[in-house]
Amino acid sequence: MNLAITAYEKLFSKQPEHTLILKYSGRFRGYNANVRMRRNVIEVRMSKQWKEVSPEIQMGCIQSLLLKLFKKKKSTTEIGLYDTFIKKVHIAVPKTRDDPVLSESYERVNEKYFYGLIDKPNLRWGSKSLRTLGSYEYGTDTVTISRALENADSWLLDFVMYHELLHKKHKFTSKNGRSYHHTTQFRKSEKQFENYELAEKELAKHLRKQRIRRFFW
């Protein structure tokens, strides 16, 4: 049974007008997946770990991808199951990535703002991006921090770490197949960081310095 076709039919209540292909790839980390369309072919690729997950949850993942592809909004039982799975999968994800600097930042932030209640995620440095300073990946329970912050003051690193750990805490809300991560509650919690407005200004100043260094180097 091609789960991609079944997911499409349940989502749109009709047979697909495209050729749907489902592939399981070892190139993805955790429970990641993507979709792409070329001419009349829609290819869904999912990590091999998805093979161990129930078909209903897999279909929810596929349906979410199809909604993004076709820019549609809709809710299904399968998408609801998928959202619940993603929100809880961090419990079972192996913790294999760590870094001493990021680990110290996590410990400071966790103790000060979360009373030590946030389980430690995988921690890794990403590229030296000046646009994406951090990210939290639900499928791998991973916080990634831009190397542009490697030499930043520790409290600025903590500021970004705090933002990403808030994603782990608040997860996301869903409506009509769309996920919303920066909710009103998230923004309210974000501003509870000590000297929030000053941190934003100092972070922007740090990034300007990084841009100047790139220009001259």
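Visitor: Which residues lie nearest the centre of the largest pocket?

Guide: This is a predicted model, in which local features need pLDDT of at least 70 and side-chain atom pairs count only at pLDDT 80 or more, while totals for chains, interfaces and linings use all residues. Residues are numbered from 1 along each chain as its sequence is written, and side-chain values use heavy atoms, with hydrogens and water left out. On a 1 Å grid over the protein atoms alone, a pocket is an open set of points where a 1.4 Å probe fits, with protein on both sides within 12 Å along at least five of seven lines, and lining residues have an atom within 4 Å of a point. The lining here has 25 residues, and those nearest the centre are K68, Y82, I86, Y138 and H181.

Visitor: How much space lies in the largest pocket?

Guide: A volume is the space filled by probe spheres set on the grid points, which are joined across faces, edges and corners. For the largest pocket this gives about 520 Å³.

Visitor: Which elements each supply at least two residues of the lining of the largest pocket?

Guide: Helices (H or I, at least four residues) and strands (E, at least two) are DSSP runs, numbered from the N terminus. The elements that each supply at least two lining residues are helix 2 (55-70), helix 3 (77-88), strand 5 (134-137), helix 5 (154-170) and strand 8 (178-180).

Visitor: Which residue is the bridge partner of S135 in strand 6?

Guide: Strand 6 pairs with strand 5 in the antiparallel sense. The bridge partner of S135 is T144.

Visitor: In which sense do strand 1 and strand 3 (residues 41-47) pair?

Guide: These strands belong to an open sheet in the order 1-3-2. T19 stands opposite V41 in strand 3. Over seven bridges, strand 1 and strand 3 pair in the sense called parallel.

Visitor: Which element has the lowest mean pLDDT?

Guide: pLDDT is the predictor's confidence in each residue, from 0 to 100. The protein averages 93, and 97% of the residues score at least 70. Helix 4 (residues 100-113) has the highest mean among the elements, 98, and the lowest, 83, belongs to helix 7 (residues 196-216).

Terms used
Pairing = 2+ DSSP bridges.
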